[in-house]
Amino acid sequence: MHELAITQSLFKIVLEQAQKARAVKVSRINLKIGRLTGYVPEAVEMNFRLLAAGTMAEGAGLKIEWVPVKVHCRECQKESEQQDLGLGCAHCGSLNVQITGGREMYIESMEVDNG
Amino acid sequence: MAEIKILKNIMDENLTQAAKNRQWFKTRHIVTLNLIASPGAGKTTFLEQTIRGLSPKHKLAVIEGDITGDHDAKRIEALGVPVVQINTEGGCHLDAHMIDSALSSLDLKDLSYLFIENVGNLVCPAEFDLGEDLKVVVLSTPEGHDKPAKYPLIFSEAQAVVINKMDLLPAVDFDLVQAERDIRKLNPNVPVFRLSSKTGEGLDKWLEWLTSKGTGNR
């Protein structure tokens, strides 16, 4: 349910940046979302459609690039990418790891028309 | 058509306020806890017991987060501790701005500990930094040992995990070894406290750990 809070923040940033760029229409928003965030694309898209209605972001597509869960092992110092949400090092099995990827929730860029 | 680079964190607004809250607590030497658990895990009873263990030696305050009502706040008030109730009106979590607003209605002079009882939920509160020092996850034995595996993010973020309702262990199918193995898998160095808020068993170790986190005001 907190997708509404996320979408409101997203929408605010999009409008601010679009106004700064003197855009008249936002056609696409490119997001980078980590697998560990629990982000639900359908919920954000639905909220976005409601918030964007009647604004220059109406009809904008949300494109998501998913970021896998990555860890840095403090034992063997190697990096690994996790296939599931288990966080053990894929090389040596150690659990003494630092999460280095998968928590991202970024607006990477957006495509706009300048009129 | 033009592409603009933004590279902005969607959660920026909350993170900025959380950083302000954190600085605010730090300058006043207040240790702030964000208590996170499912509905019915026994957060409020655990909080009541923690309050009994710390006061009157330490000055405490509580922020209660609930969707609606002031049931929990009344229980805390009965212990003589200042409390502010936040109603999220349907919202599934507290955010940093709500904490900022609640602070203005609390007497924080010489405060040692501020407890924030989040909305009962293991999902959304994981995403919203409140500016706390310690995220404490309370898991109770009747909920099942699979909760860490099913809600990995919150367990990987926690600075302490409490396994509550240990008195019910003989009556429920809770595999303590499996639960702790999954918690360690997600968060290798996190302290895990097995206790019963009802009988008081195990609370001493928790209180000892918590007071070791205390700062200047005592």
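In chain B, seven strands form an open sheet with parallel pairing, in the order 4-3-5-2-6-7-8. Strand 4 (83-87) and strand 8 (192-194) of chain B each have a single partner strand and stand at the edges, so one side of each is left without a neighbour in the sheet. From one strand to the next, the twist averages 20 degrees. The model is predicted. In total, chain B has eight helices and eight strands.

**Overall form of chain B**

- The radius of gyration of chain B is 18 Å, close to the 17 Å that the globule rule gives for 218 residues, so chain B is as compact as a globular protein of that length.
- The C-alpha trace of chain B spans about 65 × 45 × 35 Å along its principal axes.
- Buried residues make up 48% of the 218 residues of chain B.
- Of the contacts in chain B between residues at least 6 apart in sequence, 75% join residues at least 24 apart.

**Pairing within the sheet**

- Strand 6 (residues 134-140) and strand 7 (residues 160-164) of chain B run parallel and are joined by five bridges.
- In this pair, B:V137 stands opposite B:V161 of strand 7 of chain B.

**Helices and the sheet**

- Helix 2 (residues 43-54) of chain B has twelve residues and reaches 16 Å from its first C-alpha to its last, close to the 16 Å expected at 1.5 Å a residue.
- Helix 2 of chain B packs on the sheet, where it touches strand 2 (31-37), strand 3 (60-66), strand 5 (113-117), strand 6 and strand 7 of chain B. The direction of helix 2 makes about 170 degrees with that of strand 5 of chain B.
- The buried residues of helix 2 of chain B include B:F46, B:L47 and B:L54, and also B:K43.
- Helix 4 of chain B lies across strand 3, strand 4 and strand 5 of chain B and runs at about 140 degrees to strand 4 of chain B.

**Helix 1 against helix 4**

- Helix 1 (residues 12-27) and helix 4 (residues 96-103) of chain B pack at an angle of about 35 degrees, their axes 8 Å apart.
- Helix 1 of chain B contributes B:N14, B:Q17, B:A18 and B:N21 to this contact, and helix 4 of chain B contributes B:A96, B:H97, B:I99 and B:D100.
- By class, the residues of this contact are three nonpolar, four polar and one charged.

**Contact with chain A**

- On the chain B side, 25 residues are in contact with 30 residues of chain A.
- Strand 1 (2-9), helix 6 (152-157) and helix 7 (176-186) of chain B each give two or more residues to this side. Strand 1 of chain B gives the most, with eight residues.
- The side of chain B that touches chain A comprises 14 nonpolar, three polar and eight charged residues.
- Strand 1 of chain B runs antiparallel to strand 6 (residues 105-113) of chain A, and six bridges join them. Here A:V112 stands opposite B:A2.

**Backbone exceptions**

- Most residues other than glycine have a negative phi, and most peptide bonds are trans.
- B:S55 and B:P56 are joined by a cis peptide bond with omega of about 10 degrees. B:P56 lies in the loop between helix 2 and strand 3 of chain B.
- B:L7, although not a glycine, has a positive phi of about 50 degrees. B:L7 is in strand 1 of chain B and is exposed, with 9 other C-beta atoms within 10 Å.
- B:D110, also not a glycine, has a positive phi of about 55 degrees. B:D110 lies in the loop between helix 4 and strand 5 of chain B and counts as partly exposed, with 13 C-beta neighbours inside 10 Å.

How values were computed:
Residues are numbered from 1 along each chain as its sequence is written. Chains are lettered from A and ligands numbered from 1 in the order in which they are written. This is a predicted model: local features need pLDDT of at least 70, side-chain atom pairs count only at pLDDT 80 or more; totals for chains, interfaces and linings use all residues. Helices (H or I, at least four residues) and strands (E, at least two) are DSSP runs, numbered from the N terminus. The radius of gyration is taken over C-alpha atoms; the globule rule is 2.2 Å times the number of residues to the power 0.38. A residue is buried if 20 or more other C-beta atoms lie within 10 Å of its own, exposed if 12 or fewer, and partly exposed in between; C-beta atoms are placed from the backbone. Two residues are in contact if their C-beta atoms, placed from the backbone, lie within 7 Å. Axes are lines fitted to C-alpha atoms, for helices over the stretch in contact, and angles run from 0 to 180 degrees between N-to-C directions. Ala, Val, Leu, Ile, Met, Phe, Trp, Tyr, Cys and Pro count as nonpolar, Asp, Glu, Lys and Arg as charged, and the others, Gly among them, as polar. Two strands pair if DSSP finds at least two bridges between them. The expected span of a helix is 1.5 Å times one less than its number of residues.
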